[in-house]
Amino acid sequence: MPENSTAHASFQFRGSSFDSMIETLGGAFGTFDAEPISQARDFRWGIDLSACDSAVLITGFHQTDFQFHIEPTADTTEYLSIVVPRSGGMGVTYGPRTAEAGQGELLLYNNFEPNSVIMRGEENVVDELLINWSVVLQTLGQTFEAPFDGSLDLVPQVSLATPAGQLIGNLTETIMGGIRNDGPLLQSPIAMAHVTQALADVVVRLVPHRLSHLLDKKPCLIAPRHVRRAIEFMQANISRPITMPMVAEAAGVSVRALETGFRAFRDTTPAAYLLRLRLRAARQDLLDPDNNQPMRKICLKWGFFHFGRFSAVYRSTYGENPSDTRRRVGSSTAPYVFSDAQR
């Protein structure tokens, strides 16, 4: 990996002016606005990219501080960005707050959230691993057993000297090493899915965020028999038009007792729990490359009779539209393309 300007020529994409960098990054990332913080006689830069469906690795080199802002568009993919400064540093600004990380630290942020990003230091080299936000949303759903929407409010700076930083840093380095230079993880989607899911799980459990207080709750006692019966009935009948009175009858309790049991032992309502089961079943169909059923038939199969509502709930849970899930299954994605003139 390049660590100084002498390695400038080793990058896939490079240039010797600030304007050429803006032109290149604007073509790759969408609406991109940047300006140098200090003046320099020349501005050498270089970028390496490696990408797959669930992750992107960017290695960037530049001279002289600059800041930039990317305005997400309808086609912009949402990511969890984990920045590993090799030399120099990087910061993100959220309104009046700024968080910066240098060597020995990690910087974590959602690419849809910052007002601006600041690149610090001459001879700056940064590795940035982008994990598809849908992986994070899936982890949140499995951890807290409820759909999640809005900002996670992650604490953006993590020291590599802490146990949490060491674990996140080691997993991040493993993934980056596995996809850099057409690495072996790019040839194994199953392995990539497992390791990115593991990284998302560690971030959710070890980096403070707006839901962290729920992790401190003591484990619940084993759910009572009527709650377990209700869950078994739901799982066996999720493709049928069942109602909560039907679930309560199968569990042998009243609807009120069913609601109380789920709130106490599953921290949700029985209706929300059933919705989650159906969403998961629909997603499994969409992720099945051999399933050629039309989208609306899949919705009806799992009890979703209003396609617009299904799409909205699916998007808030998994971070992508159901059509996007289906479109990328079995595809070899190359999300960033530069012209030969920019190499």
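**Notes on salt bridges and surroundings**

1. Arg 180 is partly exposed, with a relative accessible area of 22%. Here buried means under 20% relative accessible area, exposed over 50% and partly exposed in between, with a 1.4 Å probe and protein chains only. Please keep in mind that this is a predicted model, where local features need pLDDT of at least 70, side-chain atom pairs count only at pLDDT 80 or more, and totals for chains, interfaces and linings use all residues. Residues are numbered from 1 along each chain as its sequence is written, and side-chain values use heavy atoms, with hydrogens and water left out.

2. Arg 180 has a salt-bridge partner in Asp 127, with 3.2 Å between the closest N and O atoms. Arg 180 sits in the loop between helix 3 and helix 4 (189-206) and Asp 127 in strand 9 (residues 116-132), so this pair ties together parts 53 residues apart in sequence. A salt bridge is a side-chain nitrogen of Lys or Arg within 4 Å of a carboxyl oxygen of Asp or Glu. Helices (H or I, at least four residues) and strands (E, at least two) are DSSP runs, numbered from the N terminus. Asp 127 is buried, at a relative accessible area of 0%.

3. A salt bridge also joins the side chains of Arg 86 and Glu 173 (2.9 Å, N to O). Since Arg 86 belongs to strand 6 (residues 79-94) and Glu 173 to helix 3 (residues 163-179), the pair ties together parts that are 87 residues apart in sequence. Glu 173 is partly exposed, at 36% relative accessibility. Arg 86, Asp 127, Glu 173 and Arg 180 are linked in a network of salt bridges.

4. What does Lys 301 form a salt bridge with? The partner of Lys 301 is Asp 285, the closest N and O atoms being 3.0 Å apart. Lys 301 lies in helix 10 and Asp 285 in helix 9, so the pair ties together parts 16 residues apart in sequence. Lys 301 is partly exposed at 31% relative accessibility, whereas Asp 285 is buried at 10%.

5. Asn 291 lies in the loop between helix 9 (270-286) and helix 10 (295-301), and is buried, with a relative accessible area of 10%. Leaving aside neighbours within four places in sequence, Asn 291 is in contact (heavy atoms within 4.5 Å) with Asp 285, Ile 298 and Arg 326.

6. Buried residues make up 48% of the 343 residues in the protein chain.
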